[in-house]
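Visitor: I would like to go through this structure with you. Could we begin with how its helices pack?

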Amino acid sequence: MKYNKLGDSDLQVSEICLGTMTFGQQNTITEAHQQLDYAIAQGVNFIDAAEMYPVPVQEDTQGLTEAYIGEWLSRQQRDQLIVATKIAGPGRDFHWLRDGEQKIDRRNIEQAVDASLKRLQTDYIDLYQLHWPDRYVPRFGETVFDLRKERETVAIAEQLAVFADVIKAGKIRHLGLSNETPWGISEFSHLAKQLGLPKVVSIQNAYSLVNRVFDAALAEASYRENVGLLAYSPLAFGLLSGKYLNGAPSHARLNRFEGFGGRYRKPNVAEAVAAYIEIARAHNIKPAHLALAFVRSRWFVTSTIIGATTLEQLQENLDSVNVTLDESILAEIDAVHTRYPNPAP
C-alpha cells in the first residue's frame with residue numbers, strides 16, 4: 001500500500017480508501033467491522049463516510065453508517081486512522097435531516113458536525129467534506145446547467161468562516177469538497193487565500209473508465225489549486241467488475257434498488273463496459289483490477305474509494321494495488337474511450 005499527501009494538508013492517506021455507504025443497509029454491523037478490520041490489516045488508513053449514509057437514503061437508516069464505524073473506531077488507535085465524513089447540502093427531500101433544511105450555514109454545519117462526532121465516537125474528524133454544493137449545480141449524472149434551478153445560496157465566504165471556527169474548536173482538521181465543479185474548486189481556493197480562511201484540500205468526485213469528465217477542466221483546477229481527487233465509484237456501481245454482463249444476481253445494487261444509479265443506465269455504458277472487460281481478459285487481468293488500477297494510475301488521484309458488500313469483494317478490490325498497467329494497455333483503454341467517451345458522466 002502506498003500513501004499520498006492530501007493536497008496542502010498534513011495527511012498521508014492510503015492510495016485506497018474504504019468507502020462505507022453500504023454499512024447499515026446492505027451490510028450488518030458485524031460485516032462492517034469485518035471489512036474495517038480487513039482493510040486496516042492490508043494497510044488502509046483512510047475511511048470515508050457521510051451523515052446521510054447508508055444509501056439509498058432513508059429516514060429509518062440515516063446515520064447508521066457512522067454509528068457502525070463509531071462502534072469500531074472506539075476500540076482503535078485513533079491517531080493512526082484518517083476518518084472522513086460529509087455534510088449533506090440542500091436540494092434533496094431529506095425532511096427528517098436537520099428539520100428538512102440542509103443549508104450549509106452556521107446552524108446546519110455545527111449541528112451536522114456535532115451529530116457526526118457523536119455517532120463516530122471521536123473527538124475530531126480528519127477530513128470534513130461538503131457532500132454537494134450549497135448552490136445549485138448539476139450533480140449525480142446531470143450534465144446540463146439549468147438556470148431554472150438556480151436558488152438562494154449561502155455565500156462561500158460565509159461557509160468558510162464557519163468552518164474556520166469549527167477547525168479552531170478542534171472538531172475537524174481539514175475541509176474538502178465533493179461533487180464539485182472547476183469553478184467551485186477555484187472559488188473556494190481563491191476566497192480562502194484572499195480572506196485567510198481554511199483552504200480545501202480535496203475533492204471527491206466520480207471517476208472511472210466510463211466517467212473521465214475529471215480529465216479536463218477539473219484536472220486543471222485540481223492541479224493549480226493543489227486539491228487532490230478522491231475518486232468514488234471507480235467500478236461504476238460494480239458494472240466494471242463484469243458481474244452485470246450476463247445479468248447480475250438480484251441482490252446486486254442496481255437490481256435491488258429500482259431507479260438507483262441512473263448515470264450508469266445510459267446509452268453506450270454497456271458497450272463500453274464490455275470493451276473494457278475484453279481488454280482485461282485479453283491481458284489475463286481481472287476486470288475489477290483493470291478498472292481500479294486505471295483510476296489509481298491517474299496523476300490527479302490521491303486515493304481511490306472502494307466499497308464492497310462482501311469480504312470477498314473487498315479482498316479482490318484491495319488486491320488491485322498489485323496491478324500496474326503498462327503503456328500498451330493504457331493505449332487500448334484510450335482507444336475504447338475515444339469510441340465511447342464518458343458514457344456515464
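This is a predicted model: local features need pLDDT of at least 70, side-chain atom pairs count only at pLDDT 80 or more; totals for chains, interfaces and linings use all residues.

Visitor: At what angle do α9 and α11 pack, then?

Guide: Helix α9, residues 287–297, packs against helix α11, residues 327–339, at an angle of about 100°. Their axes are 12 Å apart. The angle falls between 65 and 115 degrees, and α9 and α11 are therefore roughly perpendicular to each other.

Visitor: Which residues meet there?

Guide: From α9 the residues are L290, F294 and S297, and from α11 they are I329, L330 and I333. By class, five residues of this contact are nonpolar, one is polar and none is charged.

Visitor: Turning to α5 and α6, how are they arranged?

Guide: Helix α5 covers residues 182–195 and helix α6 covers residues 217–225. The angle between them is about 20°, and the axes lie 8 Å apart. Since angles under 35 degrees count as roughly parallel, α5 and α6 are described as roughly parallel to each other.

Visitor: Left-handed or right-handed crossing?

Guide: The crossing of α5 past α6 is left-handed. On the α5 side the contact involves P182, I185, S186, S189 and K193, and on the α6 side A217, L218, A221, S222 and E225. Five of these contact residues are nonpolar, three are polar and two are charged.

Visitor: What about α1 and α2?

Guide: Helix α1, residues 29–41, and α2 pack at an angle of about 55°, with 10 Å between their axes. That makes α1 oblique to α2. Here α1 passes α2 in a right-handed crossing.

Visitor: And who makes that contact?

Guide: I29, A32, H33, L36, D37 and I40 of α1 make the contact with Y68, I69, E71 and W72 of α2. The class division is seven nonpolar, one polar and two charged residues.

Visitor: Let us change topic. How big is the second largest pocket?

Guide: Its volume is about 390 Å³. The lining of this pocket has 23 residues, and P138, E180, N205, V213 and L218 are the closest to its centre.

Visitor: Which elements supply the lining?

Guide: Strand β8, residues 200–206, and helix α6 each supply at least two lining residues of the second largest pocket. By class, the lining of that pocket divides into 13 nonpolar, six polar and four charged residues.

Visitor: How many residues separate E59 and H95 along the chain?

Guide: E59 and H95 are 36 residues apart along the chain, and their C-alpha atoms are separated by 8.5 Å.

Visitor: One last point: what is the phi of D99?

Guide: D99 has a positive phi of about 60°, although D99 is not a glycine. This residue is found in the loop between β5, residues 82–87, and α3, residues 106–120.

Technical notes
Residues are numbered from 1 along each chain as its sequence is written. Side-chain values use heavy atoms; hydrogens and water are left out. Axes are lines fitted to C-alpha atoms, for helices over the stretch in contact, and angles run from 0 to 180 degrees between N-to-C directions. Helices (H or I, at least four residues) and strands (E, at least two) are DSSP runs, numbered from the N terminus. Angles under 35 degrees count as roughly parallel, over 145 as roughly antiparallel, 65 to 115 as roughly perpendicular and the rest as oblique. A crossing is left-handed if the near helix is turned anticlockwise from the far one by less than a right angle, and right-handed if clockwise. Contact means heavy atoms within 4.5 Å. Ala, Val, Leu, Ile, Met, Phe, Trp, Tyr, Cys and Pro count as nonpolar, Asp, Glu, Lys and Arg as charged, and the others, Gly among them, as polar. On a 1 Å grid over the protein atoms alone, a cavity is a set of points where a 1.4 Å probe fits but cannot get out, and a pocket is an open set with protein on both sides within 12 Å along at least five of seven lines; lining residues have an atom within 4 Å of a point. Grid points are joined across faces, edges and corners, and a volume is the space filled by probe spheres set on the points.
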